[in-house]
Amino acid sequence: MSNKTILVTGGAGYIGSHTIKQLGKNGENIVILDNLSTGFKASILYGDFVQGDTGDSQLVSKILSDYNVDTVIHFAAHTVVPESVSNPLKYYWNNTCSTRNLLEQCQKHKVKNFIFSSTAAVYGTPESGKAKEDTPTAPINPYGSSKLMTEMMLKDLSFASNLNFVALRYFNVAGSDPECEIGQCTPNATLLIKVCCEAAVGKRDHVYIFGTDYPTNDGTGVRDYIHVEDLADAHLCALDYLRTGGKSTILNVGYGHGYSVREVMDAVERIDGKPLNIIEQERREGDPPALVSIADKIRNKLNWTPKYDQLDVIVKTSLDWEYRLKDNSQGFV
Ligand code: UD1
């Protein structure tokens, strides 16, 4: 806890809102900046809310000084990979240019700590299917490139100023708040667990398996699915680390082991108690066969200890949220 304020950008979104809930429970002072382009105000359970853009320098400057901000946790971004391919400049504008504006204001106002939502997409398709922080970065889509460019800006700025940062490279985030107050609300979702849960509650007629001929145990793609509560907690650990003098660093956030598409679908069917209508398809372009983290560094450096490292818990909380949305989506549509 500190008497300074934390600015959370993109706090109305999926991961931001879960992080705010944990920060709020810890009694932190929080101000949220979100333009509500994809987020929902109902997701924000703590803190003061300001509607606006991270690229709006005047507004950011006012918030940083009015609230005496010493830490920024930066979630605000576009995150849909296929959209980044069809509309790359939208991604470079929001994820890179607006972040540059935000960083300029942080420098001006002498913000000390910056925690950044990066992504495993910076690795592209590593041959071994495993990625460590020193695995060469080689993004294969503008989304990954736009995030990597921010990592570069952060490295350079931390060298040239007193700002320290932690960049967290998220693997496949899923699951929901176990109290079911908040969850993932993305319209036109494409992420596997969300899509399967939507099918389970009847929002979709079927689900596709994209590729059954991968060189994996059952032929389907393997990913490192991490529960959003553990991911949110990684931000709180990063906050402690920076507040106690930790130096700038980049960390994978994953469990270090993966599940296949079939294993995910089996879990959804078992927990929901009824079969999904599954259609096998060709591979989806750009999908690596497997992408799993090597994530020892975050455990060692931040003392991060995951509490939800079970596929069934990830699926159960995702399903609970999807059923809740089906019954009552007020504020989340
Ligand atoms: C993608 C991005 C990742 C980004 C994440 C969130 C790439 C290579 N990965 O993850 O960087 O952080 O989105 O934006 O660009 N699948 C199906 N059926 C479906 C949906 C997915 O079989 O309906 C399969 C995919 O082929 C893949 C796995 O499920 O094997 C996970 O896919 P998805 O949830 O879309 O996430 P990624 O593509 O891994």
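## The main core

The largest nonpolar core holds 56 residues, and V8, L168, V253, I298 and W304 have the most contacts inside it. A nonpolar core here is a set of buried Ala, Val, Leu, Ile, Met, Phe, Trp, Tyr and Cys residues joined through side-chain atoms within 4.5 Å; buried means under 20% relative accessible area (1.4 Å probe, protein chains only). At least three residues come from each of domain 1 (5–174 + 225–253) and domain 2 (192–223 + 256–327), with bounds from an automatic or database domain assignment.

This is a predicted model, with local features needing pLDDT of at least 70, side-chain atom pairs pLDDT 80 or more, and totals for chains, interfaces and linings using all residues. Numbering runs from 1 along each chain as its sequence is written, and side-chain values use heavy atoms, leaving out hydrogens and water.

## W304 and a second core

Leaving aside residues up to four places away in sequence, W304 touches I226, D230, D233, A234, C237, V253, G254, Y255, I298 and R299 (contact: heavy atoms within 4.5 Å). There's also a second, separate core of 22 residues, with L33, L64, C106 and L157 among them.

## Helix α8

Helix α8 (residues 261–272) has 12 residues and reaches 16 Å from first C-alpha to last, close to the 16 Å expected at 1.5 Å a residue. Its buried residues are V261, V264, M265, A267, V268 and D272. Seen down the axis of α8, they fall within an arc of 155°, so they line one face of the helix.

Cover for the buried residues of α8 includes α6 (192–200), β9 (207–210) and α10 (311–327). Just after α8, G273 takes a positive phi of about 80°.

Notes: Helices (H or I, at least four residues) and strands (E, at least two) are DSSP runs, numbered from the N terminus. The expected span of a helix is 1.5 Å times one less than its number of residues. Buried means under 20% relative accessible area, exposed over 50%, partly exposed in between (1.4 Å probe, protein chains only). The arc is that of the directions from the helix axis to the C-beta atoms.
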